[in-house]
Amino acid sequence: MPDGLGRGLDAPLFERVVIIGVGLIGSSLARVARRKNLARTIVACDRSAAVRERVVALGLADETYEAPAEAVRGADFVILCVPVGACGGVAEQMKEGLAPGVIVSDVGSVKQSVVNQVAPHLPENALFVPAHPVAGTENSGPDAGFATLFKGRWCILTPPGGSDAATDRVRAFWEGAGSNVEVMTPAHHDLVLAITSHVPHLIAYNIVGTAADLEEVTQSEVIKFSAGGFRDFTRIAASDPTMWRDVFLNNKDAVLEMLGRFSEDLTALQRAIRWGDGDALFNLFTRTRAIRRSIIDVGQETAEPDFGRRKVDEA
Ligand SMILES: NC(=O)c1ccc[n+]([C@@H]2O[C@H](COP(=O)([O-])OP(=O)(O)OC[C@H]3O[C@@H](n4cnc5c(N)ncnc54)[C@H](O)[C@@H]3O)[C@@H](O)[C@H]2O)c1
Ligand SMILES: O=C(O)C(=O)C[C@]1(C(=O)O)C=C[C@@H](O)C=C1
(Lines give C-alpha, C1' and ligand atoms only; values in the text may rest on other atoms or scores of the structure.)
(Ligands and ions follow the chains in the order given, each with its own letter.)
Protein backbone atom coordinates (compact mmCIF):
# COMPACT_ATOMS: atom_id res chain seq x y z
CA MET A 1 0.00 0.00 0.00
CA PRO A 2 1.50 3.39 -0.96
CA ASP A 3 2.13 6.05 1.71
CA GLY A 4 1.34 9.78 1.37
CA LEU A 5 4.30 10.23 -0.97
CA GLY A 6 3.19 7.37 -3.25
CA ARG A 7 5.80 4.78 -2.23
CA GLY A 8 5.35 1.27 -0.81
CA LEU A 9 5.66 1.12 2.96
CA ASP A 10 9.01 -0.71 2.87
CA ALA A 11 10.48 1.36 0.04
CA PRO A 12 13.21 3.82 0.92
CA LEU A 13 12.27 7.50 0.65
CA PHE A 14 14.96 8.18 -1.97
CA GLU A 15 16.78 5.85 -4.36
CA ARG A 16 20.21 7.44 -4.47
CA VAL A 17 21.20 10.06 -1.90
CA VAL A 18 24.52 11.84 -2.36
CA ILE A 19 26.12 13.51 0.65
CA ILE A 20 28.84 15.96 -0.33
CA GLY A 21 31.05 16.75 2.67
CA VAL A 22 31.02 13.85 5.14
CA GLY A 23 31.87 15.61 8.41
CA LEU A 24 29.77 15.93 11.56
CA ILE A 25 26.51 16.72 9.75
CA GLY A 26 27.08 14.68 6.56
CA SER A 27 28.11 11.55 8.47
CA SER A 28 25.18 11.92 10.89
CA LEU A 29 22.86 12.10 7.88
CA ALA A 30 24.48 9.01 6.33
CA ARG A 31 24.00 7.12 9.60
CA VAL A 32 20.35 8.09 10.09
CA ALA A 33 19.54 7.57 6.38
CA ARG A 34 20.77 3.99 6.70
CA ARG A 35 19.06 3.36 10.02
CA LYS A 36 15.70 4.83 9.01
CA ASN A 37 15.64 3.49 5.42
CA LEU A 38 15.67 6.98 3.92
CA ALA A 39 17.89 5.97 0.96
CA ARG A 40 18.37 2.78 -1.06
CA THR A 41 21.93 3.79 -1.93
CA ILE A 42 24.06 6.23 0.07
CA VAL A 43 26.84 7.93 -1.86
CA ALA A 44 29.56 9.87 -0.05
CA CYS A 45 31.70 12.57 -1.64
CA ASP A 46 34.50 14.48 0.04
CA ARG A 47 37.56 16.26 -1.26
CA SER A 48 39.65 14.97 1.65
CA ALA A 49 41.28 11.55 1.11
CA ALA A 50 41.54 11.09 4.89
CA VAL A 51 37.77 11.65 5.26
CA ARG A 52 37.02 9.25 2.40
CA GLU A 53 39.15 6.61 4.12
CA ARG A 54 37.19 7.04 7.37
CA VAL A 55 33.89 6.85 5.46
CA VAL A 56 34.95 3.46 4.10
CA ALA A 57 36.31 2.25 7.45
CA LEU A 58 33.11 3.27 9.27
CA GLY A 59 30.89 1.76 6.54
CA LEU A 60 28.97 5.03 6.18
CA ALA A 61 28.21 4.78 2.46
CA ASP A 62 27.73 2.32 -0.39
CA GLU A 63 29.97 4.31 -2.75
CA THR A 64 32.60 6.98 -2.15
CA TYR A 65 33.87 9.62 -4.58
CA GLU A 66 36.24 12.55 -4.70
CA ALA A 67 34.71 14.41 -7.69
CA PRO A 68 31.21 15.90 -7.14
CA ALA A 69 30.20 15.51 -10.84
CA GLU A 70 30.86 11.75 -10.69
CA ALA A 71 29.21 11.34 -7.28
CA VAL A 72 25.89 12.97 -8.27
CA ARG A 73 25.29 10.95 -11.48
CA GLY A 74 21.87 9.26 -11.31
CA ALA A 75 21.04 10.74 -7.89
CA ASP A 76 17.50 11.77 -6.94
CA PHE A 77 18.67 13.69 -3.83
CA VAL A 78 21.93 15.60 -3.36
CA ILE A 79 22.77 17.28 -0.03
CA LEU A 80 25.66 19.72 0.30
CA CYS A 81 27.18 19.31 3.78
CA VAL A 82 30.28 21.46 3.25
CA PRO A 83 31.11 24.79 4.94
CA VAL A 84 28.85 27.62 3.74
CA GLY A 85 31.65 29.33 1.81
CA ALA A 86 32.32 26.15 -0.22
CA CYS A 87 28.73 25.62 -1.45
CA GLY A 88 29.00 27.68 -4.66
CA GLY A 89 32.23 25.96 -5.72
CA VAL A 90 30.80 22.49 -5.11
CA ALA A 91 27.59 23.37 -7.01
CA GLU A 92 29.71 24.47 -9.95
CA GLN A 93 31.73 21.26 -9.85
CA MET A 94 28.69 18.95 -9.66
CA LYS A 95 26.34 20.62 -12.16
CA GLU A 96 27.34 18.61 -15.25
CA GLY A 97 26.51 15.33 -13.46
CA LEU A 98 23.02 16.28 -12.21
CA ALA A 99 20.08 14.24 -13.54
CA PRO A 100 16.82 15.97 -14.56
CA GLY A 101 14.38 16.28 -11.64
CA VAL A 102 17.06 15.86 -8.97
CA ILE A 103 16.36 17.54 -5.63
CA VAL A 104 19.34 19.55 -4.39
CA SER A 105 19.58 20.64 -0.77
CA ASP A 106 22.18 21.70 1.79
CA VAL A 107 22.59 21.98 5.56
CA GLY A 108 24.32 25.36 5.76
CA SER A 109 23.97 27.51 8.88
CA VAL A 110 23.30 30.56 6.65
CA LYS A 111 20.64 30.46 3.95
CA GLN A 112 20.52 33.58 1.73
CA SER A 113 24.20 33.34 0.83
CA VAL A 114 23.89 29.63 0.00
CA VAL A 115 20.89 30.36 -2.24
CA ASN A 116 22.86 33.12 -3.99
CA GLN A 117 25.90 30.88 -4.47
CA VAL A 118 24.19 27.63 -5.52
CA ALA A 119 21.06 28.60 -7.53
CA PRO A 120 22.94 30.09 -10.54
CA HIS A 121 24.75 26.76 -11.11
CA LEU A 122 21.68 24.50 -11.07
CA PRO A 123 20.03 23.39 -14.32
CA GLU A 124 16.42 24.54 -14.74
CA ASN A 125 15.08 21.04 -14.14
CA ALA A 126 16.79 20.67 -10.75
CA LEU A 127 14.67 21.39 -7.66
CA PHE A 128 16.41 23.39 -4.94
CA VAL A 129 15.21 23.09 -1.34
CA PRO A 130 17.77 24.64 1.05
CA ALA A 131 17.74 23.29 4.62
CA HIS A 132 19.33 23.98 8.00
CA PRO A 133 19.20 21.43 10.80
CA VAL A 134 19.39 23.41 14.03
CA ALA A 135 21.41 20.67 15.69
CA GLY A 136 25.10 20.17 16.12
CA THR A 137 28.06 19.93 18.44
CA GLU A 138 31.47 21.56 18.70
CA ASN A 139 33.07 18.50 17.03
CA SER A 140 33.90 17.93 13.37
CA GLY A 141 34.59 15.11 10.96
CA PRO A 142 33.06 11.73 10.12
CA ASP A 143 33.89 10.15 13.50
CA ALA A 144 32.01 12.90 15.36
CA GLY A 145 28.63 12.16 13.74
CA PHE A 146 25.81 10.10 15.25
CA ALA A 147 22.43 8.93 14.00
CA THR A 148 20.36 10.62 16.72
CA LEU A 149 21.83 14.11 16.23
CA PHE A 150 18.68 15.45 14.57
CA LYS A 151 16.14 13.72 16.83
CA GLY A 152 13.70 16.20 18.35
CA ARG A 153 15.56 19.16 16.80
CA TRP A 154 14.25 21.72 14.32
CA CYS A 155 15.14 21.65 10.66
CA ILE A 156 14.37 24.88 8.76
CA LEU A 157 13.61 24.72 5.01
CA THR A 158 13.83 27.83 2.83
CA PRO A 159 12.44 26.74 -0.59
CA PRO A 160 12.50 29.57 -3.16
CA GLY A 161 8.85 29.25 -4.23
CA GLY A 162 7.37 28.24 -0.85
CA SER A 163 6.09 24.71 -0.31
CA ASP A 164 5.81 22.30 -3.26
CA ALA A 165 6.26 18.57 -3.99
CA ALA A 166 10.05 18.72 -3.67
CA THR A 167 9.73 20.52 -0.33
CA ASP A 168 7.36 17.77 0.85
CA ARG A 169 9.98 15.12 0.03
CA VAL A 170 12.75 17.02 1.82
CA ARG A 171 10.40 17.53 4.77
CA ALA A 172 9.73 13.75 4.82
CA PHE A 173 13.50 13.12 4.80
CA TRP A 174 14.11 15.35 7.82
CA GLU A 175 11.07 14.03 9.65
CA GLY A 176 12.42 10.54 8.96
CA ALA A 177 15.66 11.70 10.62
CA GLY A 178 13.60 12.65 13.70
CA SER A 179 13.41 16.43 13.17
CA ASN A 180 10.53 18.88 13.36
CA VAL A 181 10.37 20.90 10.16
CA GLU A 182 9.51 24.57 9.62
CA VAL A 183 9.48 26.58 6.37
CA MET A 184 10.55 30.25 6.19
CA THR A 185 12.34 32.67 3.89
CA PRO A 186 16.15 32.68 3.77
CA ALA A 187 16.28 36.30 4.99
CA HIS A 188 14.08 35.57 8.01
CA HIS A 189 16.14 32.47 8.80
CA ASP A 190 19.36 34.47 8.73
CA LEU A 191 18.01 37.15 11.07
CA VAL A 192 16.64 34.65 13.61
CA LEU A 193 19.75 32.46 13.59
CA ALA A 194 21.99 35.52 13.89
CA ILE A 195 20.68 36.11 17.42
CA THR A 196 20.00 32.50 18.48
CA SER A 197 23.19 30.88 17.16
CA HIS A 198 25.69 33.15 15.40
CA VAL A 199 26.06 35.97 17.95
CA PRO A 200 26.22 33.48 20.87
CA HIS A 201 29.12 31.76 19.12
CA LEU A 202 30.86 35.09 18.57
CA ILE A 203 30.44 35.95 22.25
CA ALA A 204 31.92 32.58 23.24
CA TYR A 205 34.90 33.00 20.90
CA ASN A 206 35.42 36.50 22.25
CA ILE A 207 35.20 35.74 25.97
CA VAL A 208 37.52 32.75 25.74
CA GLY A 209 39.96 34.81 23.66
CA THR A 210 39.82 37.71 26.11
CA ALA A 211 40.40 35.44 29.12
CA ALA A 212 43.33 33.77 27.40
CA ASP A 213 44.85 37.16 26.54
CA LEU A 214 44.65 38.59 30.07
CA GLU A 215 48.16 38.85 31.47
CA GLU A 216 47.12 38.11 35.06
CA VAL A 217 45.08 35.08 34.08
CA THR A 218 47.58 32.57 32.82
CA GLN A 219 46.53 29.82 30.43
CA SER A 220 46.85 27.30 33.27
CA GLU A 221 44.53 29.33 35.51
CA VAL A 222 41.99 29.52 32.71
CA ILE A 223 41.98 25.74 32.63
CA LYS A 224 42.20 25.29 36.41
CA PHE A 225 39.24 27.52 37.28
CA SER A 226 37.04 26.67 34.33
CA ALA A 227 34.59 24.42 36.18
CA GLY A 228 31.71 26.91 36.03
CA GLY A 229 30.16 29.24 33.47
CA PHE A 230 33.41 29.76 31.58
CA ARG A 231 33.58 26.06 30.76
CA ASP A 232 30.28 26.25 28.89
CA PHE A 233 31.78 29.02 26.75
CA THR A 234 34.91 26.96 26.03
CA ARG A 235 32.77 24.20 24.55
CA ILE A 236 31.13 26.58 22.10
CA ALA A 237 34.47 28.31 21.41
CA ALA A 238 35.93 24.92 20.40
CA SER A 239 33.61 24.84 17.35
CA ASP A 240 35.09 24.44 13.89
CA PRO A 241 37.06 27.56 12.78
CA THR A 242 36.38 27.11 9.05
CA MET A 243 32.65 26.62 9.53
CA TRP A 244 32.30 29.66 11.77
CA ARG A 245 34.55 31.93 9.72
CA ASP A 246 32.22 31.17 6.80
CA VAL A 247 29.08 31.79 8.88
CA PHE A 248 30.22 35.29 9.88
CA LEU A 249 31.45 36.22 6.40
CA ASN A 250 28.18 35.01 4.85
CA ASN A 251 25.68 36.44 7.36
CA LYS A 252 27.41 39.77 7.83
CA ASP A 253 24.42 42.14 7.77
CA ALA A 254 22.17 40.16 10.14
CA VAL A 255 25.02 39.49 12.57
CA LEU A 256 26.06 43.16 12.62
CA GLU A 257 22.42 44.18 13.16
CA MET A 258 22.04 41.80 16.12
CA LEU A 259 25.46 42.73 17.52
CA GLY A 260 24.33 46.37 17.54
CA ARG A 261 21.31 45.43 19.66
CA PHE A 262 23.47 43.26 21.89
CA SER A 263 26.00 46.07 22.47
CA GLU A 264 23.24 48.52 23.43
CA ASP A 265 21.85 46.08 25.98
CA LEU A 266 25.34 45.38 27.30
CA THR A 267 25.90 49.10 27.77
CA ALA A 268 22.64 49.31 29.75
CA LEU A 269 23.90 46.48 32.00
CA GLN A 270 27.24 48.26 32.46
CA ARG A 271 25.33 51.36 33.50
CA ALA A 272 23.18 49.37 35.96
CA ILE A 273 26.30 47.96 37.61
CA ARG A 274 28.03 51.36 37.71
CA TRP A 275 25.02 53.09 39.33
CA GLY A 276 24.08 50.22 41.62
CA ASP A 277 20.73 49.65 39.90
CA GLY A 278 20.04 46.28 41.51
CA ASP A 279 16.42 46.22 40.30
CA ALA A 280 17.49 46.40 36.66
CA LEU A 281 19.92 43.51 37.15
CA PHE A 282 17.46 41.44 39.19
CA ASN A 283 14.61 41.93 36.71
CA LEU A 284 16.72 40.91 33.73
CA PHE A 285 18.13 37.84 35.49
CA THR A 286 14.61 36.80 36.54
CA ARG A 287 13.41 37.07 32.94
CA THR A 288 16.35 35.09 31.55
CA ARG A 289 15.99 32.35 34.19
CA ALA A 290 12.35 31.92 33.13
CA ILE A 291 13.44 31.59 29.50
CA ARG A 292 15.95 28.86 30.37
CA ARG A 293 13.31 27.02 32.39
CA SER A 294 10.81 27.24 29.57
CA ILE A 295 13.19 25.54 27.11
CA ILE A 296 14.78 22.99 29.45
CA ASP A 297 12.94 20.61 31.71
CA VAL A 298 14.88 21.43 34.90
CA GLY A 299 13.92 18.06 36.35
CA GLN A 300 16.04 16.50 33.59
CA GLU A 301 19.12 18.53 34.44
CA THR A 302 21.88 16.69 36.26
CA ALA A 303 24.53 18.03 38.63
CA GLU A 304 27.06 17.31 35.89
CA PRO A 305 26.07 19.54 32.96
CA ASP A 306 26.06 17.97 29.51
CA PHE A 307 28.78 19.91 27.72
CA GLY A 308 27.73 19.17 24.21
CA ARG A 309 25.30 16.56 23.07
CA ARG A 310 26.49 13.12 23.97
CA LYS A 311 26.78 10.49 21.29
CA VAL A 312 23.89 8.46 22.60
CA ASP A 313 23.20 6.32 19.57
CA GLU A 314 19.90 4.85 20.64
CA ALA A 315 17.19 4.54 17.98
N1 LIG B 1 28.63 21.72 13.17
C2 LIG B 1 27.40 22.10 13.46
O3 LIG B 1 27.04 22.22 14.64
C4 LIG B 1 26.44 22.40 12.35
C5 LIG B 1 25.06 22.37 12.62
C6 LIG B 1 24.15 22.64 11.57
C7 LIG B 1 24.63 22.93 10.30
N8 LIG B 1 25.98 22.96 10.08
C9 LIG B 1 26.44 23.25 8.71
O10 LIG B 1 26.82 22.01 8.14
C11 LIG B 1 27.88 22.21 7.22
C12 LIG B 1 28.99 21.21 7.55
O13 LIG B 1 29.40 21.40 8.87
P14 LIG B 1 30.12 20.20 9.68
O15 LIG B 1 30.08 20.61 11.11
O16 LIG B 1 29.57 18.88 9.29
O17 LIG B 1 31.61 20.36 9.14
P18 LIG B 1 32.81 19.31 9.14
O19 LIG B 1 34.06 20.12 9.15
O20 LIG B 1 32.63 18.28 10.19
O21 LIG B 1 32.65 18.62 7.71
C22 LIG B 1 32.77 19.30 6.50
C23 LIG B 1 33.26 18.33 5.45
O24 LIG B 1 33.23 18.99 4.19
C25 LIG B 1 34.38 18.63 3.47
N26 LIG B 1 34.63 19.69 2.49
C27 LIG B 1 35.01 20.96 2.72
N28 LIG B 1 35.10 21.65 1.56
C29 LIG B 1 34.78 20.77 0.59
C30 LIG B 1 34.69 20.87 -0.81
N31 LIG B 1 34.94 22.02 -1.43
N32 LIG B 1 34.32 19.78 -1.51
C33 LIG B 1 34.05 18.61 -0.88
N34 LIG B 1 34.12 18.43 0.46
C35 LIG B 1 34.48 19.51 1.18
C36 LIG B 1 35.47 18.50 4.52
O37 LIG B 1 36.56 17.69 4.05
C38 LIG B 1 34.70 17.87 5.67
O39 LIG B 1 34.77 16.45 5.59
C40 LIG B 1 28.28 23.67 7.31
O41 LIG B 1 27.71 24.37 6.25
C42 LIG B 1 27.67 24.12 8.63
O43 LIG B 1 27.34 25.50 8.58
C44 LIG B 1 26.88 22.66 11.06
O1 LIG C 1 25.19 22.70 20.13
C2 LIG C 1 26.09 23.21 19.47
O3 LIG C 1 27.26 22.92 19.63
C4 LIG C 1 25.75 24.16 18.42
O5 LIG C 1 26.37 25.15 18.39
C6 LIG C 1 24.72 23.84 17.44
C7 LIG C 1 24.25 24.97 16.56
C8 LIG C 1 23.60 26.07 17.42
O9 LIG C 1 24.08 27.17 17.47
O10 LIG C 1 22.57 25.74 18.02
C11 LIG C 1 25.39 25.53 15.79
C12 LIG C 1 25.30 25.84 14.49
C13 LIG C 1 24.26 25.31 13.66
O14 LIG C 1 24.06 25.92 12.48
C15 LIG C 1 23.16 24.75 14.35
C16 LIG C 1 23.25 24.41 15.65
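This is a predicted model: local features need pLDDT of at least 70, side-chain atom pairs count only at pLDDT 80 or more; totals for chains, interfaces and linings use all residues.

Colleague: OK, ligand 1. Which residues come nearest to ligand 1?
Modeller: L24, D46, V82, S109 and G141 come nearest, out of 26 residues around ligand 1.

Colleague: What does the side chain of D46 do there?
Modeller: An N or O atom in the D46 side chain is 2.6 Å from an oxygen atom of ligand 1. The backbone takes part too. A backbone N or O atom of V82 lies 2.7 Å from an oxygen atom of the ligand. For I25, a polar backbone atom is 2.9 Å from an oxygen atom of ligand 1.

Colleague: How much of ligand 1 does the protein bury?
Modeller: The protein buries 89%. That is a share of the 830 Å² that ligand 1 exposes when taken alone.

Colleague: And how do the residues of that shell divide into nonpolar, polar and charged?
Modeller: The shell around ligand 1 has 14 nonpolar residues, 10 polar ones and two charged ones.

Colleague: Which elements supply at least two residues of the shell around ligand 1?
Modeller: Helix α1, residues 24-35, and strand β7, residues 131-133.

Colleague: Let's switch to ligand 2. Which residues are around it?
Modeller: The list is S109, H132, P133, A135, G136, T137, E138, S197, H201, R235, M243 and W244. S109 is also among the residues that come nearest to ligand 1.

Colleague: Which polar side-chain atoms lie close to an oxygen of ligand 2, say for S197?
Modeller: S197 has a polar side-chain atom 2.6 Å from an oxygen atom of ligand 2. An N or O atom in the H132 side chain is 2.6 Å from an oxygen atom of the ligand. For H201, a polar side-chain atom lies 3.0 Å from an oxygen atom of ligand 2.

Colleague: How much of ligand 2 is buried by the protein?
Modeller: The protein buries 84% of the 370 Å² that ligand 2 exposes when taken alone.

Colleague: Which domains does the shell around ligand 2 draw on?
Modeller: Domain 1 (14-184) and domain 2 (188-275). At least three residues come from each. By class, the shell around ligand 2 divides into four nonpolar, six polar and two charged residues.

Colleague: Now the sheets. What is the order of strands in the sheet with β7?
Modeller: The order is β7-β8-β9, in an open sheet of three strands with mixed pairing.

Colleague: Why is one side of β7 and of β9 left without a neighbour there?
Modeller: β7 and β9 (180-183) stand at the edges and each has a single partner strand, so one side of each has no neighbour in the sheet. From one strand to the next, the twist averages 20°.

Colleague: How do β8 and β9 run?
Modeller: β8 (residues 154-157) and β9 run parallel, joined by four bridges. L157 has V183 in β9 as its bridge partner.

Colleague: And the sheet of six strands, what order?
Modeller: That open sheet goes β3-β2-β1-β4-β5-β6, with parallel pairing. At its edges stand β3 (63-65) and β6 (127-128).

Colleague: How many bridges join β1 to β2?
Modeller: Six bridges join β1 (residues 14-20) to β2 (residues 39-45). R16 stands opposite T41 in β2.

Definitions and conventions
Residues are numbered from 1 along each chain as its sequence is written. Chains are lettered from A and ligands numbered from 1 in the order in which they are written. Side-chain values use heavy atoms; hydrogens and water are left out. A residue is near a molecule or strand if one of its heavy atoms lies within 4 Å of it. A polar contact is a pair of N or O atoms within 3.5 Å; within protein, one must be able to donate a hydrogen and the other to accept it, and residues adjacent in sequence count only if both atoms are side-chain atoms. Accessible areas come from the Shrake-Rupley method with a 1.4 Å probe; for residues, only the protein chains shown count as cover. Ala, Val, Leu, Ile, Met, Phe, Trp, Tyr, Cys and Pro count as nonpolar, Asp, Glu, Lys and Arg as charged, and the others, Gly among them, as polar. Two strands pair if DSSP finds at least two bridges between them. Axes are lines fitted to C-alpha atoms, for helices over the stretch in contact, and angles run from 0 to 180 degrees between N-to-C directions. Domain bounds come from an automatic or database domain assignment.
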